[in-house]
Amino acid sequence: MMNPLLPLLVAIPLAGAFLTMIIGRFIPGIPRYMALATLLLLTFISIWLLVEGGTASSVYTMGGWEPVDGVPIGLYLIHDGFSALVLCIISVIGLLSVTYSISYMARYTSENYFYSLFCLMIAGMNGVVLSGDIFNIFVFLEISAISSYALVAFGVEKNELEATLKYQVLGAVASFMVLFAIGFIYWSAKTLNIADIRTAFSEGGQGNNYILIQILLLTGFGLKAAIIPFHAWLPDAHSSAPSPISAMLSGVLIKAVGIYVILRLFFNMFEITEGMAILITTLGALSMAVGVFLAIGQWDLKRLLAYHSISQMGYVIMSAGIGMILMARGLRSEIAALAITGGIFHMLNHAAFKGLLFLNAGAIEYSAGTRDLRQMGGLAKSMPFTSSTSLAASLSISGIPPFNGFFSKLIIIVAAVMGRFYFLAALAAIVSIITLASFMKFQRYAFYNKEQAKFNKEIREVPVPMLLSMITLAVICLLLSLLALPGIRETVLSPATDILMDQAKYSSQITGM
Amino acid sequence: MTVIVKKTTQLIAGIVFLYGIYIILHGHLTPGGGFAGGVILAGSFILLILAFGSDFLHLLREERGSTIYENLAILAFLLLALSGFLAGAGIFFANWLPHGTPGELVSAGFLPLYNIFVGIEVAASILTIFLALVIFKEEILK
C-alpha cells in the first residue's frame, strides 16, 4: 500500500517557496505567515507519519512505475523508522526557526526571498531523507545546498560573503566527489537505486573501485557533515548566517544531508567491512576530540557553538562506527544495536539543544548587539527567559541529568565500554567534561558576569515569537530524555536501529514489492 | 551597436526563437526537450538585449517579469504533477492522459506539457540570471 503523504513532504515546501515569491511581491508582510503555514503542515504530516507508521516501512513509486522482473525502475520514496525521525527533526526545528524569524528577520530586507529560500531548503532536505535513489539524493542535496549558500550570505556584508564563498567552494568539491562516486557506481552496478545497488554489489559486482567509491562518498558527505578533516567551512558559515538559519544549518542540515546519508549508505548500501568501520570510528573520535579543543578557546559566541557542532557530530559518527565494527566482526549484535541507538538518539538531542543554543545566541545579538563573549555580562537580570533556556541547553549539551544529552552520552559510553572500546569511552567522557567547561564559560561571561557599562541602550527581553520558540525547544530538550525509558525507546528509536542493522530488510522491501 | 549588427540580430532572433519552440515541442520525440529548448529561447532574448542595449529601469522591469514567469512555470509544473495525484488514485506524476500513437506530435500524455513548462522555466531563469548580472554591473558603475 503506497502512502500518498510521502510525495507531499517534498511538494508542499516547493509550492510554498514559489507561491511565496509570487504573492510576496504583491502583498508585503504575507511571506512569513505562508512559510509558517507550510511548516505547520509539514510538522503535522511528519509527526503523523512517525506515529502512524511505527515499525512498518512504506515505499512510494513516483508515477506508478512498478518494478520489472524484480528490478526497480523509476524513482522511489522510502519512509522507515530512521527517515521518520530525521523528517520530524527537519519539520519541528524548521517550524520553530520560522516562528523565531518572524521577529528576528524584521531588521532585514527582502523578506520574500528569505522565506522562499527557507522553504526550498526544507524541500531539499526532505527529498534527501525520503529518496531511495542515489542520484535523486544528489539532486535534492544540491537544492538544499544552493539555497543554504544564499541564506548564509543573507546579510550581504563582508563577513557573510567571505563565509559563503568558502562554503560554496567546499560544497562544490563535496558535490563533485559525490557525483564522481555516483558515476563509478553506475558504471559498476548499472543501476542507481540504493536497494538494487546493494543487490548488484553483493552478487559479486564489487570491482577494484569498490573501496574508491566508499572513500569518495565518505569524503563528499563528510564534507557536508563537517567531520574533522573536512570541517573548514562550518565555523565561518554557521556563525555568519542569520541566527534562525544557523539553527537550521547546525541543528538540521548537517544531519539530514551529511550524517543521515552516510549512515544510510554505509549500513544499507555497502557491505560493512571492518576496515571501513575502523576508518569511520577514527574520523568520529577525531572530530569529537579536536572539535571541542577548537571550541573552548573561542570568544565569538556563535563560532564557539559551531565548533561544538563538529564535536557533537563526532559522537554520532563514532558510536555508529563502533556499531559497524561490532557488526563486521559478527559478534554481540545487541551491543552494536545499543551503540547505534545511542548515536541516533544523540543526533535527535543535538538537533534540539544546538538549535536552541543558536536561537539564544541570536536573541543576545538581537538585544545586546554583540557576539563577543567579552563584551557581554550580567544579561541574566535583563533577559531572564533567554538566560534560563540557554542554561537548559547548556546543561543538555554538557550531559547533565535530567536533560536529554546525559542519556544519549550515557548510552554511547556504556555501549563503548561493553564493546571493549575503553579508550573511546574514556575519550567520550573527557570530551563531555571539556564541553561542560566551555559552556560554563559561556554562561558566566554572557549572563552572570558584572554588567558591562558599554551598552548604550537598555537591554530588554526579546519579542514573544522568539521567546515562544526558545521555550518550546527547552521543553523539548527535557521531554526528549523520556525516549531513554524502556517502553518509549522500543517504539521510537528501535525501528530506526532495526532498519540500519537488518541489511537485507531495506533492499527486500523495494525489490520484493 | 551598428546598424548591420542590429539588422542581422532582428533577422536571426525570430528564427532562434522558433527553433527553441520546435525543440521544446518535439521533446518527447527527438533529442533535446524542455531544458535545451529553454536555453535556446533565452538565447534569442539575450541576443536582442545585447544588440540593442537597454536602459537600466527597463532592465529592472524586465527582470521582475521574468522572475514571475519563472515562478509561475514551476507552480504549473507542480500542478500538473498534483493533477496526477488527484486523478490517478494518489500517484504523484501519474500520466493519466491518453497516450496517443507513438511518434505523433500530440502523444505521450503529459510529457509534452511537462516539457513546455520546463522550457518556460529554463528560459525565464536563464534570462533572469543574465539580467541580474547586467543589473549588478550597472549598480557597481553608479
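Residues are numbered from 1 along each chain as its sequence is written, with chains lettered from A and ligands numbered from 1 in the order of writing. Because the model is predicted, local features need pLDDT of at least 70 and side-chain atom pairs count only at pLDDT 80 or more, while totals for chains, interfaces and linings use all residues.

Chain A meets chain B through 13 residues, which are in contact with 14 residues of chain B. Contact here requires C-beta atoms, placed from the backbone, to lie within 7 Å. The chain A side of this contact holds 11 nonpolar residues, two polar and no charged. In this scheme Ala, Val, Leu, Ile, Met, Phe, Trp, Tyr, Cys and Pro are nonpolar, Asp, Glu, Lys and Arg are charged, and the others, Gly among them, are polar. Met62(A) has partners in both chains: leaving aside neighbours within four places in sequence, Met62(A) contacts Pro7(A), Gly74(A), Leu75(A), Phe92(B) and Phe93(B). Met62(A) sits in the loop between strand E1 (58-61) and strand E2 (76-79) of chain A. Helices (H or I, at least four residues) and strands (E, at least two) are DSSP runs, numbered from the N terminus. Met62(A) counts as partly exposed because it has 19 C-beta neighbours inside 10 Å. The cut-offs are 20 or more other C-beta atoms within 10 Å for buried, 12 or fewer for exposed, and in between for partly exposed, with C-beta atoms placed from the backbone. The C-alpha atoms of Met62(A) and Tyr76(A) are 6.2 Å apart, across 14 residues of sequence.

Two helix pairs of chain A were examined. The axes of H8(A) (residues 210-225) and H10(A) (residues 243-269) come within 7 Å and cross at roughly 150 degrees. H8(A) is therefore roughly antiparallel to H10(A). Axes are lines fitted to C-alpha atoms, for helices over the stretch in contact, and angles run from 0 to 180 degrees between N-to-C directions. The H8(A)–H10(A) crossing is left-handed. On the H8(A) side, Leu217(A), Leu218(A), Phe221(A), Lys224(A) and Ala225(A) take part. Their partners in H10(A) are Ile254(A), Val257(A), Gly258(A), Ile259(A), Val261(A), Ile262(A) and Leu265(A). The residues of this contact comprise 10 nonpolar, one polar and one charged.

H13(A) (residues 333-368) packs on H15(A) at about 145 degrees, with the axes 9 Å apart. This crossing is also left-handed. H13(A) contributes Asn349(A), Phe353(A), Leu356(A), Leu357(A), Asn360(A), Ala363(A) and Ile364(A). H15(A) contributes Thr386(A), Thr389(A), Ser390(A), Ala393(A), Ser396(A) and Ile397(A). Pro384(A) belongs to H15(A), which spans residues 384-398. Pro384(A) is exposed, with 12 other C-beta atoms within 10 Å.

H6(A) covers residues 158-189. At 1.5 Å a residue, its 32 residues should span 46 Å, and the end C-alpha atoms are 46 Å apart, which agrees. The expected span is 1.5 Å times one less than the number of residues. Buried positions in H6(A) include Glu160(A), Thr164(A), Tyr167(A), Met177(A) and Ile185(A). Lys190(A) follows H6(A) with a positive phi, near 60 degrees.

Ala226(A), in the loop between H8 and helix H9 (234-240) of chain A, has a positive phi of about 60 degrees although it is not a glycine. Ala226(A) is buried, with 29 other C-beta atoms within 10 Å. Arg420(A) lies between H16 and helix H17 (422-448) of chain A. Its phi is positive, about 65 degrees, and it is not a glycine. Arg420(A) counts as exposed, with 12 C-beta neighbours inside 10 Å. The peptide bond from Pro401(A) to Pro402(A) is cis, with omega near 5 degrees. Pro402(A) lies in the loop between H15 and helix H16 (404-418) of chain A.

Conventions: Two residues are in contact if their C-beta atoms, placed from the backbone, lie within 7 Å. Angles under 35 degrees count as roughly parallel, over 145 as roughly antiparallel, 65 to 115 as roughly perpendicular and the rest as oblique. A crossing is left-handed if the near helix is turned anticlockwise from the far one by less than a right angle, and right-handed if clockwise.
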